[in-house]
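Subject: A structure for you to look at

Hi,

Here is the structure I promised to pass on to you. Please open it next to this email, and then read on for what turned up in it.

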Amino acid sequence: MEFLEQVITDGAAAMAGLCTSLGDRLGLYTAMAGAGPLTSAQLADRTGLSERYVREWLAAQVAGSYVDHDHANDTYELPPAHAAVLADPDVPTYAAGMFTMLQALYGTEDVLMDAFRTGEGVGWGEHAPALFEGTAKFFRPGYAASLVPEWLASMDGVVEKLRGGAKVADVGCGFGHSTMLMAKAFPRSHFHGFDFHRPSIEAARGLAAEQGVSDRVEFDVATAQDFPGDGFDLITFFDCLHDMSDPGAALRQAEHALADGGQCMLVEPNASADVEENVHPIGRGLTSASVAVCLPSALAQHGPQALGNHAGEEPMRRIADSAGLHHWTLTAESPVNRVYALAR
């Protein structure tokens with residue numbers, strides 16, 4: 001009975017995730033943030049949505065303890081602490097992007113069933129656009145909080161080079177949030193974002209124009225094994241190397257493209273190769289994502305390795321060493337990520 005309760009709780013959370021995604025995408029949480037108590041009619045008026053749907057959504061939010069309800073006045077309020085997680089994409093605690101991804105992940109269930117039977121992969125581009133948008137939304141707050149002040153600062157001499165004017169490649173850049181965060185912080189440097197997924201590169205180019213960094217940021221379609229250019233002072237891989245079927249070739253390409261004294265920054269999920277060490281909410285989320293996205297994506301590329309996102313440090317360190325990147329240092333760590341500095 002105890003396990004039955006756990007499963008029912010998990011199932012209820014999975015159903016409620018749709019409501020969380022709707023609240024994020026429809027701007028309901030944003031409209032409630034800092035607004036104090038609101039009736040369902042007031043919230044509907046603030047968002048331009050149907051009051052009847054808003055009222056039903058609020059009932060689900062109260063049931064999940066996301067929103068407080070004042071029975072006497074029949075009003076609803078989003079607590080400030082909850083708003084910091086659900087309503088503001090510019091704070092490091094924002095986590096709503098996880099729920100945007102769910103639409104795409106559940107949409108590939110039938111394809112994944114076939115993959116389980118055949119051993120074939122499911123390519124990144126086979127997923128719905130919600131996966132690409134949700135992935136960018138999920139990782140951006142953590143990058144914004146840590147990339148410049150913590151992760152880059154933890155690497156020997158990198159910040160000084162960036163301040164003076166460095167050449168940087170961001171491999172597997174997706175929507176380019178990581179690339180643009182660096183470009184804003186270091187206007188004297190030049191940044192090249194590469195990704196094999198054309199729709200993501202097109203989105204990144206649009207965002208760069210909106211954010212006014214197109215003068216020092218370029219985005220191009222290229223794989224990690226053949227991205228162009230050389231003489232890079234810094235080459236970054238943000239949460240992507242484990243998705244590649246030939247991470248060794250990617251790191252060999254990076255080694256060839258580095259300038260003398262250049263370094264690679266490798267950011268990977270903070271998950272363990274020991275499955276028992278992942279028995280916590282973040283570990284559960286990461287390993288589940290590996291089943292749905294990371295492993296299938298690597299298998300779809302038909303390369304020599306399919307690591308998944310919890311292969312652990314040692315296999316990646318061996319791959320880097322074989323690629324000519326013999327110096328490996330763990331420089332920073334968060335609940336979600338581990339950051340490594342690699343050099344010749």
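Let's start with helix α6, whose buried residues pack against α1 (2-25) and α8 (129-151). Those buried residues of α6 (residues 97-107) are Gly97, Phe99, Thr100, Met101 and Ala104. Helices (H or I, at least four residues) and strands (E, at least two) are DSSP runs, numbered from the N terminus.

Before going further, please keep in mind that this is a predicted model, where local features need pLDDT of at least 70 and side-chain atom pairs count only at pLDDT 80 or more, while totals for chains, interfaces and linings use all residues. Residues are numbered from 1 along each chain as its sequence is written, and side-chain values use heavy atoms, with hydrogens and water left out.

Now to α1, where you will find Thr20. Thr20 is buried, at a relative accessible area of 2%. Leaving out residues up to four places away in sequence, Thr20 touches Tyr29, Tyr66, Leu86 and Phe99; contact here means heavy atoms within 4.5 Å.

Tyr29 sits in helix α2 (residues 28-32) and is buried too, with 0% relative accessibility. Beyond its neighbours within four places in sequence, Tyr29 has contacts that include Cys19, Thr20, Trp57, Tyr66 and Leu86. Tyr29 and Leu86 are 57 residues apart in sequence, yet their C-alpha atoms are 6.3 Å apart in space.

Next, the nonpolar cores. A nonpolar core is a set of buried Ala, Val, Leu, Ile, Met, Phe, Trp, Tyr and Cys residues joined through side-chain atoms within 4.5 Å. The largest one has 45 residues, and Trp151, Leu152 and Met265 have the most contacts inside it. Helix α8 gives the most to this core, with eight residues. A second, separate core has 27 residues, including Ala224, Phe232, Leu241 and Ala254. Do zoom in on Leu152: not counting residues up to four places away in sequence, among the residues that Leu152 touches are Val158, Met182, Phe186 and Met265.

Helix α12 (residues 247-257) is worth a look as well. Nine of its 11 residues are buried, so α12 is largely enclosed by the rest of the structure. The cover over its buried residues includes β6 (232-238), β7 (258-269), α14 (313-322) and β9 (337-343).

How many disulfides does the structure hold? There are zero, a disulfide being a pair of cysteine sulfur atoms within 2.5 Å. Take Cys264, which is buried at 0% relative accessible area: the closest cysteine sulfur, in Cys240, is 11 Å from its own sulfur, so the two are too far apart for a bond.

On a 1 Å grid over the protein atoms alone, a cavity is a set of points where a 1.4 Å probe fits but cannot get out, and lining residues have an atom within 4 Å of a point. A search of the whole structure finds one cavity of 30 Å³ or more. The largest cavity has a volume of about 40 Å³, a volume being the space filled by probe spheres set on the grid points, which are joined across faces, edges and corners. Its lining is made up of Arg140, His177, Met180, Leu181, Lys184 and Gln211. Helix α10 (residues 177-185) gives the most to that lining, with four residues.

Enjoy exploring!

Definitions and conventions. On a 1 Å grid over the protein atoms alone, a cavity is a set of points where a 1.4 Å probe fits but cannot get out, and a pocket is an open set with protein on both sides within 12 Å along at least five of seven lines; lining residues have an atom within 4 Å of a point. Buried means under 20% relative accessible area, exposed over 50%, partly exposed in between (1.4 Å probe, protein chains only).
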